[in-house]
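I opened my notebook to look up how aromatic rings pair up. The entries follow the order in which I checked things.

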Amino acid sequence: MAPSKHADEGGQLQLIDADRVEDEEECFESIDKLISQGINAGDVKKLQDAGIYTCNGLMMHTKKNLIGIKGLSEAKVDKICEAAEKLLNQGFMTGNDLLLKRKSVVRITTGSQALDELLGGGIETLCITEAFGEFRSGKTQLAHTLCVSTQLPIHMHGGNGKVAYIDTEGTFRPERIVPIAERFGMDANAVLDNIIYARAYTYEHQYNLLLGLAAKMAEEPFRLLIVDSVIALFRVDFSGRGELAERQQKLAQMLSRLTKIAEEFNVAVYITNQVIADPGGGMFITDPKKPAGGHVLAHAATIRLMLRKGKGEQRVCKIFDAPNLPEGEAISFFLL
């Protein structure tokens, strides 16, 4: 794990509280623990080469996928899964047990009090939060703010963790992080050091980047994954109705991977989405647009936020869909 960063009293805020991280490291079981259950170290290495670094992540794969890993037979996979089940409780639990487990959820401040109140405290870990809207509606600006606020200590409504940022449109600007860090009283260089960034150019590249994240998240305290935007490359790499079914299938696999990352490592996943014209919206709808991605994306996102431009620099955020939040709107300034 990278060394923690601290500051003197009256100076800039400390980043990544090591004591808090150590308390939370047991949220997943390392794949190395399979060795103690009689699994060959070579087979564990094959799992790691395939992007599987935790027992929790292992149980999120089908046996069909695991048999597809070079060097693992059906008998070996059965033995590995049996060993993993002994280390994990994958069965039913009571509602009270689930309520207790939900206490591990971290809510990361958006930097806007009005928006935090709308979201019940901020962006949640263990789920996908989607923000969609037209260009200049504040989606990417909110992503930049979350890159900083995620690194705040827990008691300051941060996530006390690092950030992974996958950029599909080339809109991430590290120089934008500097004034946001200064606003929160943080060392900009330390904040930038705690952000890992990758530029994706195809949907396959985007998916492979997600597979590679497991190794980093198993070793270091990450709390946020941003994909900006999740749909852009799919709209480029697949064209026409003839490829629509394949596109939606690949998109579903991508979103499934994001869900598993959120639950495996207790991170918040923030994705941005584009909008498309909705000719069937009707003449009485003032803004006939809908989020891209169809039902596949709609079902995958736990919380859906609709952003639109307000007066001047104001941005309006509306709860479009959420399992535990009432409908409502918040007016925010995502700029400094």
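Is Y165 buried or exposed? Y165 counts as buried, because its relative accessibility is 1% (buried means under 20% relative accessible area, exposed over 50%, partly exposed in between, with a 1.4 Å probe and protein chains only).

Notes on the source. The model is predicted, so I keep in mind that local features need pLDDT of at least 70, that side-chain atom pairs count only at pLDDT 80 or more, and that totals for chains, interfaces and linings use all residues. Residues are numbered from 1 along each chain as its sequence is written, and side-chain values use heavy atoms, with hydrogens and water left out.

Ring pairs. I searched the whole structure and found seven aromatic pairs (rings of Phe, Tyr and Trp, the last by its six-membered ring, pair if their centres lie within 6.5 Å; planes under 30 degrees apart count as stacked, over 60 as edge-to-face and the rest as tilted). One of them is Y165 with Y197, a tilted pair at 6.2 Å centre to centre and 40 degrees between the planes. Y165 is in strand β4 (residues 162–167) and Y197 in strand β5 (residues 195–199), so this pair ties together parts 32 residues apart in sequence (strands are DSSP runs of E, at least two residues, and helices runs of H or I, at least four, numbered from the N terminus).

I then looked up Y197, which is partly exposed at 40% relative accessible area. The rings of Y197 and F172 are stacked, because their centres are 5.2 Å apart and their planes at 25 degrees. F172 lies in the loop between β4 and α9 (174–183). F172 is buried, at 8%.

Last entry: ring pairs link Y165, F172 and Y197 into a cluster.
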